[in-house]
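Work through the exercises below with the sequence and the model open beside you. Each task is followed by a solution that goes step by step.

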Amino acid sequence: MKKQKNRDFSALASSLAAIVCGLLVGLIVLFIADSGKAMQGFGAIVTGGIVNRKNFGQVLYYATPIIMTGLSVGFANKTGLFNIGGPGQYLAGAFAAVYVGVKWTFLPAGLHWIVALLAAALAGALWGLVPGLMKAYSNVNEVITCIMMNYIGLNMVNLLVRQLLFDQARNQSRQPAATAVLPKMGFDKFFVAGATPSSVNIGILLAMLMGVVMYIVVNKTKFGYELKACGYNRDAAKYAGVDEKRSIVLSMVIAGALAGIGGALYYLSGAGTGIPLTDELAAEGFNGIPVALLGMSHPIGIVFSGIFISYLKVGGQSMQAFGFAPQIIDIITSVIIYFAAFALFFKLVIGRMRRRKEENGVIKAKGGEE
Amino acid sequence: MLYFIIQQMMYFSIPLLIVALGGLFSERSGVVNIALEGIMVIGAFSGIYFINQTQGALPGQPVLLLAILVAAAAGMLISLLHAYAAINMKADQVISGTAINIFAPAFVIFVARMLQGVQQIPFVNQFRINSVPVLGDIPVIGPLLFQNTYITTYIGVGILVISWLVLYKTRFGLRLRACGEHPQAADSVGINVYKMRYAGVLISGALAGIGGLVFVIPTSTNFNATVSGYGFLALAVLIFGQWKPWRIAGAALFFGFMKTLSAVYSGIPFLVGLGIPSNIYKMIPYVATLILLAFTGKTSCAPKAEGIPYDKGSR
């Protein structure tokens, strides 16, 4: 019990150390860019997410999709798979949700957005199914199939949006009907600054709920145990009677569904953003990777790291008021992730320090007895 | 028309080839290099900025050759970060690679803005060779391989041959591969695993840097902090090519050919007449790769110790 606690503590400590390093580098970059305003800019980054309720609402709003794609990466990781297909799954989900949102207006108000979410989960799952099947039955590396599925998804969604949901004036998809927009849960009354409300909605609660569900599934069920067994050693799991092919396929399908829901939660927010026609893969899809890595693939950790990355993003928006380039936030994020990769090293150092302390403690205690 | 397609194909295939070969060196030494995309961005940025600054003062081809060296040096420098994390710090290699992928575009936009105010770096494309002397006049082969080309095409082919020679015909190559397959065994016969892995990652940094520059030059006239996901495609080509140089070349040519078809279909009246939307054509390379993989994937030849930090103390 105590050991577990110690491990959690050193994981947290190494994450915090990485964050401090990242912020320090950010401060240096700010000084290089414009030393006169560096401290103001830095203050904006650190406090931007909490200066008012609306900004904090925005933190939660931007966190929603990246928590979902982060959970997606984290879930696949439990089975030893690297799901780099987030962008494709995310986009497939986004399209399915917006399609249902725009076209299926015959659905009653309370049901419409739920059906849209389910459609997104299904589309994302389909995009995860292909790499899963190919990994399980043809032993094709999931990284390459995921990359291919990303571009197939991108072009497919571009095509379908243009043919079915095109909003010519804004060069993006049309807006979902009001009944398909996610309920605000009164957040638009609470997270406000002056008269402008934040775009946050029920989505963040759903994302958090998904994190909790994933924690239970992975850690407390037989299914989760089998997935992890496959992740540690596919052959051993098979020998122990686990249907390893099924586990691999299901793992990718669920990961895909999570990323798909992420796409839905972002585009059903009613904030006026449509699916853009672009040749670039969605950043929210790729951002699942750093979020999952920073959260150490732990579901609850992913929820927090998603909120943290989003907090930096909102802080970065405040920082721009002082004339700094928004890319500084990406630099900070990358440095934090880079140092988070040193976790093992930090852990060793912390562990060594603690051991020394304990040894000293033991010696002192002995000395006291004498 | 065929000539045109082959010439176009080289613009796509050569950078993929160079970068995938870069990945090959890193992964064969046992270090996963998902940072190829980011390294390409850094290499392209340094090379293009060098061209932007020196163009006019120096003649065309020497500028390009020097820019390639600059790109290689910059790629090596940034890959040092990856090597340090992966080898000395025993970090999760995917994490440090991802960090570089996020860092690179942000960093080059930031630096470009500091240097010149805007993030795009323009350059004049004066590097195209209309026809290579003598060789370009050979019938069939001339127009196919020696007209409308870039010196980088031949550099790419040279890198392929040298990579194969180095990996399979030298002591260094044998040792590098041993470190990727079974580092403990390599160590037991006196090979310095850390050094070999550093070499693998640094070579991959240099090649990915060159690849970034080579990708941007024929396809654009300004650099806008992106290589359009080619680093990830190169990773796919590397896996597709089963971590073997000649198969990688085959995969890069296949992919480049498919990509070219999807790009030039609008010049073929028959295909335009079918009225199929452009997005369908754009999907072809990826779908074709998936189908091919489904039939050829069974045997994977990934280096055994790939992605596992080497710890002298563990057995």
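Two residues are in contact if their C-beta atoms, placed from the backbone, lie within 7 Å. The model is predicted, and the exercises should be read with that in mind.

**Exercise 1. The meeting of the chains**

Task: Find how many residues of chain A are in contact with chain B, and describe the side of chain A that touches chain B.

Solution. Begin with the count: 36 residues of chain A are in contact with 39 residues of chain B. Next, look at the elements that take part, for at least two residues each come from helix H5 (109-138), helix H6 (142-164), helix H12 (283-294), helix H14 (327-340) and helix H15 (343-369) of chain A. Of the elements on this side, H6(A) gives the most, with 11 residues.

**Exercise 2. The overall form of chain A**

Task: Decide how the radius of gyration of chain A agrees with that of a compact globule of 370 residues.

Solution. A compact globule with 370 residues would have a radius of gyration near 21 Å, and chain A has 23 Å, which agrees. Taken along the principal axes, the box filled by the C-alpha atoms of chain A is roughly 85 × 65 × 35 Å. Chain A contains 15 helices and four strands, and buried residues make up 54% of its 370 residues. Among the contacts in chain A with a separation of 6 or more, 79% are between residues 24 or more positions apart.

**Exercise 3. Two domains in chain A**

Task: Locate the domains of chain A and describe the side of domain 1 that touches domain 2.

Solution. The domain assignment gives domain 1 (1-34 + 327-370) and domain 2 (53-323) of chain A. The centres of domain 1 and domain 2 of chain A, taken over C-alpha atoms, are separated by 30 Å. The contact takes 10 residues from domain 1 and 10 residues from domain 2 of chain A. On the side of domain 1 that touches domain 2, the elements giving two or more residues are H1 and H14 of chain A, and H14(A) gives the most, with seven residues. By class, this side of domain 1 has seven nonpolar, two polar and one charged residues.

**Exercise 4. The nonpolar cores**

Task: Identify the residues with the most contacts inside the largest nonpolar core.

Solution. The largest nonpolar core has 220 residues, and those with the most contacts inside it are A:Ala97 and B:Val237. This core draws at least three residues from each of domain 1 (1-34 + 327-370) and domain 2 (53-323) of chain A. Apart from it lies another core, of eight residues, among them B:Leu176, B:Cys179, B:Val193 and B:Met196. Returning to A:Ala97, and leaving aside its neighbours within four places in sequence, its contacts include A:Ala116, A:Leu117, A:Gly263 and A:Tyr267.

**Exercise 5. Positive phi in loops**

Task: Determine whether A:Asn139 is buried or exposed, and place B:Lys90 in chain B.

Solution. A:Asn139 belongs to the loop between H5 and H6 of chain A, and its phi is near 55 degrees, a positive value in a residue other than glycine. A residue is exposed if 12 or fewer other C-beta atoms lie within 10 Å of its own; A:Asn139 has 11 such neighbours, so A:Asn139 counts as exposed. B:Lys90 lies in the loop between helix H3 (60-88) and helix H4 (93-116) of chain B, also with a positive phi near 55 degrees. With 18 other C-beta atoms within 10 Å, B:Lys90 is partly exposed.

Technical notes. Residues numbered from 1 in each chain as written. Chains lettered and ligands numbered in written order. Predicted model: local features only at pLDDT ≥ 70, side-chain atom pairs only at ≥ 80, totals over all residues. Core = buried A, V, L, I, M, F, W, Y, C linked by C-beta atoms within 7 Å. Buried ≥ 20, exposed ≤ 12 C-beta atoms within 10 Å, placed from the backbone. Domains from an automatic or database assignment. Nonpolar A, V, L, I, M, F, W, Y, C, P; charged D, E, K, R; others polar. Rg over C-alpha atoms; globule rule 2.2 N^0.38 Å.
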